[in-house]
Amino acid sequence: MSDVDAAWMQRALEVADGAEAAGEVPVGAVLVDAQGSLLAEGANRVIADADPTAHAEIVALRRAAARLGNYRLPGSTLYVTLEPCAMCAGALVHARVERVVFATRDPRAGASGSVFDILDHPMLNHRCRVDEGVLADVAADRLRGFFRARRRSARNG
């Protein structure tokens, strides 16, 4: 893990904290261009937007594409606190994101090796380079804590 990767993932974790404060699943994403400059950030907003596609990755991709006026984002790197799902992985491939760095695996819906492997599928016309495990323990602990609190609240209320 490079210091640069750790710093961007730390920022993604801060974005995830904002999602949690808003009552969303705490997932954050940060998209960086080839020169290492911030393009966009996104946090889960599915509840706030009443939109099942408003995952952190999609929010960041939409913001970056709008900012650049182009849906293709070659040379970019996405840092995300949880392994992308199939929907997000497909969008990352279509956007031509070069590299995806995620913190922790999603054993129920992950599409970068856990359940599917869309980001590096040989039948697709683009593949994303993937690095995982950057600040994995921190991200996993936050997600576990969020869902533990949610289950406790459901039992008590």
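Predicted model: local features only at pLDDT ≥ 70, side-chain atom pairs only at ≥ 80, totals over all residues.
Which strands does helix α5 lie across, and at about what angle does α5 run to β4? Residues are numbered from 1 along each chain as its sequence is written, and side-chain values use heavy atoms, with hydrogens and water left out.

Helix α5 (residues 136–156) lies across β3 and β4, at about 60° to β4; axes are lines fitted to C-alpha atoms, for helices over the stretch in contact (heavy atoms within 4.5 Å), and angles run from 0 to 180 degrees between N-to-C directions. Helices (H or I, at least four residues) and strands (E, at least two) are DSSP runs, numbered from the N terminus.

The open sheet has five strands in the order β2-β1-β3-β4-β5, with mixed pairing; two strands pair if DSSP finds at least two bridges between them. At the edges stand β2 (38–43) and β5 (129–132), each with a single partner strand, so one side of each lacks a neighbour in the sheet.

β1 (residues 28–32) pairs with β2 in the antiparallel sense over five bridges, and Gly28 has Ala43 as its bridge partner in β2. β4 and β5 run parallel, joined by four bridges, with Phe102 partnered by Glu132 in β5.

Six of the six residues of β4 are buried, so β4 is largely enclosed by the rest of the structure; buried means under 20% relative accessible area (1.4 Å probe, protein chains only). In helix α4 (residues 86–94), the buried residues include Cys88 and Leu92.

Conventions: Buried < 20%, exposed > 50% of the residue type's maximum accessible area, 1.4 Å probe, protein only.
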